[in-house]
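Here's a quick tour of some side-chain contacts, grouped by topic. Have the viewer open and follow along.

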Amino acid sequence: MQSPETAEEMLRIAADAAASKGGEDLVALNVSEPLPLVDIFLLVTGNSERNVAAIADEVEDRLLESGHKRVRREGRAESRWILLDFGDLIVHVFHQEERVYYGLERLWKDCPVVPIELAEPVAGE
């Protein structure tokens, strides 16, 4: 398992990538207590299948560029709920309807929320 600092750095990279593609309602949960092999879940909402796919692709690209290895990816064909497993960080990119339906925040409500610090927007964006 990587250090918690690595998971938090991965979270910053993934959150910035998601936000850059219009990801909304970003929530990070520390799931390390109930899931010893994972530190953080990042939940993100996209407003269409195309947006969900774009968000997931950007998150994946930026984490890979930063030297992190993807363990698996699921849901890309439908782009309604894409799961990106990077070991200590698992990113869930949902279409709005799927996020409400599956309610991961409710399922993991006992897990602490991890603050997300997005990078400052670049001038001109």
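What separates Arg 12 and Glu 9 in helix α1? About one helical turn: the two residues sit 3 apart within that helix, which covers residues 4–20. Keep in mind that this is a predicted model.

- Arg 12 and Glu 9 pair up as a salt bridge, and their closest N and O atoms are 2.8 Å apart.
- Arg 12 comes out as partly exposed, because its relative accessible area of 34% falls between the 20% and 50% cut-offs.
- Glu 9 is partly exposed too, at 34% relative accessibility.
- This pair belongs to a set of 12 salt bridges in the structure.

**The network at Arg 80**
- Salt bridges join Glu 49, Arg 80, Glu 97 and Glu 98 into a network.
- Arg 80 bridges to Glu 97, with 2.7 Å between the closest N and O atoms.
- Buried or exposed, where do Glu 97 and Glu 98 fall? Glu 97 is exposed, with a relative accessible area of 53%, whereas Glu 98 counts as buried at 17%.
- The 17% for Glu 98 means buried because the cut-off is under 20%.

**Aromatic rings**
- You'll find 4 aromatic pairs in the structure.
- In one of them, Phe 41 and Trp 108 have ring centres 5.4 Å apart and planes at 80 degrees, so the pair is edge-to-face.
- Phe 41 belongs to strand β2 (residues 40–46) and Trp 108 to the loop between α4 (104–107) and β6 (113–114), so their pairing ties together parts 67 residues apart in sequence.
- Phe 41 is buried, at 6% relative accessibility.
- Elsewhere, ring pairs connect Trp 81, Phe 94, Tyr 101 and Tyr 102 as a cluster.

How values were computed:
Residues numbered from 1 in each chain as written. Predicted model: local features only at pLDDT ≥ 70, side-chain atom pairs only at ≥ 80, totals over all residues. Heavy atoms only, no water. Phe/Tyr/Trp six-rings, centres within 6.5 Å; stacked < 30°, edge-to-face > 60°. Helix = DSSP H or I, 4+ residues; strand = E, 2+ residues; numbered from the N terminus. Buried < 20%, exposed > 50% of the residue type's maximum accessible area, 1.4 Å probe, protein only. Salt bridge = Lys/Arg side-chain N within 4 Å of Asp/Glu carboxyl O.
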